[in-house]
Structure formats: C-alpha cells, structure tokens
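Subject: Model for your review, with notes on its salt bridges

Dear colleague,

I am passing on the structure we spoke about, and my notes on its charged pairs follow directly below it. Please read them alongside the coordinates.

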Amino acid sequence: MLSSFICSLFFLTQFRLSFSLSQYCLTKFLCCGSSRNSSHIIKMAMWVFGYGSLIWKAGFNYDDRLVGFIKDYRRVFYQGSTDHRGTPEYPGRTVTLEPAPGEVCWGAAYKISKEEDKETAITYLEVREKQYDKKAYVDFFTDPLATTPAISGVMVYIASPDKKLNPNYLGPASIEDIAKQIVRAEGPSGPNREYLFQLEKALLQIGQVVKINT
C-alpha cells in the first residue's frame, strides 16, 4: 500500500517526526536615511523566507534568491491544510515552524526590490498563506559558521498552535497516522503526498533532508 511505502520512506531516509508548516514569507518595508529636507527616502528591499512550498514555487517576481537558514526554529508537519492539500472534511498536512532553541531551519529567501512587485507579492501571499495566522521577522544566515546574519528583518509566515487563531492546527500524531493522512488527502493544489515529495526534492537540492520529529 502507498501508506506503507511512505512509512518506509520516512524510516529509510531517517526522517524525524515533529509536527507543530509548507518553509513560504515576507519582510517588512525598511526605510532609512533622508535628505536635509526629508524629501528623499531610501526604501530597502523586502525579503521573504520560504521553508515549505515557497522553496520550489515562489509564485511572485523576485530579484534574487538565497539558500540559507534561520535559527531557533524547526520545520514541523503540524498544520492542517483545508485549502491547498486537503479539504475541510479531510485536511492534509503541511509544514509550519515551532520554536526550537539551538536548531536551524533551512530554506530560501527571496529579495523583492520594486515597489510594484512588493505590492503584488504581499497581495498574493496574504491569500496563499491565509491559514497561517502569525508573521515573524527573523535573521537569515547563509554561512553555518557566521555569527552575524546575512539579512535581518526577513518576514516569515507561521501557523501557530493557538486553536482560537488557527483552527486548522493539527499537532503531532503517530507516523502511521501521518502517513495515512498524507496518502489520502487531496485538495485544490493537488495530492498531499505530492507536497511531501516536492518538499523532499527541494530540500535535497539544497543539501538538506525532510526532518519529521517525534
């Protein structure tokens, strides 16, 4: 059975199950400096961090893409998806982030410079990430040995465990139950299992693996 195959895949690739996403994220508009008459404002680029489907499918125009990580978070399959990889009757599972001191979460950061592209990206992501109830601004690193971030103020969408704010939160389950749920769930964006395989492929391409923690 396909569910047995996915269970085997988890174990054979040494996935650690940890469900608290879908690494997908926006930065603040940062403004600094002005002329003597305060008529000239320098607008900085907006940065978006993706740790789920945003890694392989941005969906918006961007000027640069950097592979890297954020600190003190881990990627977990805790979020229920009723709008992309499942339905209200049978939700799928996608990744979110949960605080994890000392751990890192790898993904991709996207730079958006043009004002028009920023507005378009925000509008697009507010719809795409509508089931993610929290935004955080984080430091983004590209060098594992660096103590200073490559970019600060990178925005990321997070689905919190607060059921009042995030009714689609599912939390942890056994690996067998997770496998069955991923196999069976399907939504407007496609089968839930496709999301898992795409995430695995995207992370392998940047030298990482999907970690599913118990």
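Glu126 has a relative accessibility of 35% and therefore counts as partly exposed, where buried means under 20% relative accessible area, exposed over 50%, and partly exposed in between (1.4 Å probe, protein chains only). Its partner in a salt bridge is Lys135, with the closest N and O atoms 3.4 Å apart, and Lys135 is likewise partly exposed at 39%. By salt bridge I mean a side-chain nitrogen of Lys or Arg within 4 Å of a carboxyl oxygen of Asp or Glu. Salt bridges with shared partners also join Arg74, Glu98 and Glu103 into one network.

This is a predicted model, in which local features need pLDDT of at least 70 and side-chain atom pairs count only at pLDDT 80 or more, while totals for chains, interfaces and linings use all residues. Residues are numbered from 1 along each chain as its sequence is written, and side-chain values use heavy atoms, with hydrogens and water left out.

The structure holds six salt bridges in total. One of them pairs Arg85 with Glu194 at 2.8 Å, N to O; because Arg85 lies in the loop between strand E4 (64-81) and strand E5 (92-112) and Glu194 in helix H4 (residues 192-205), this pair ties together parts that are 109 residues apart in sequence. Helices (H or I, at least four residues) and strands (E, at least two) are DSSP runs, numbered from the N terminus. Arg85 is buried at 9%, whereas Glu194 is partly exposed at 33%.

Best regards
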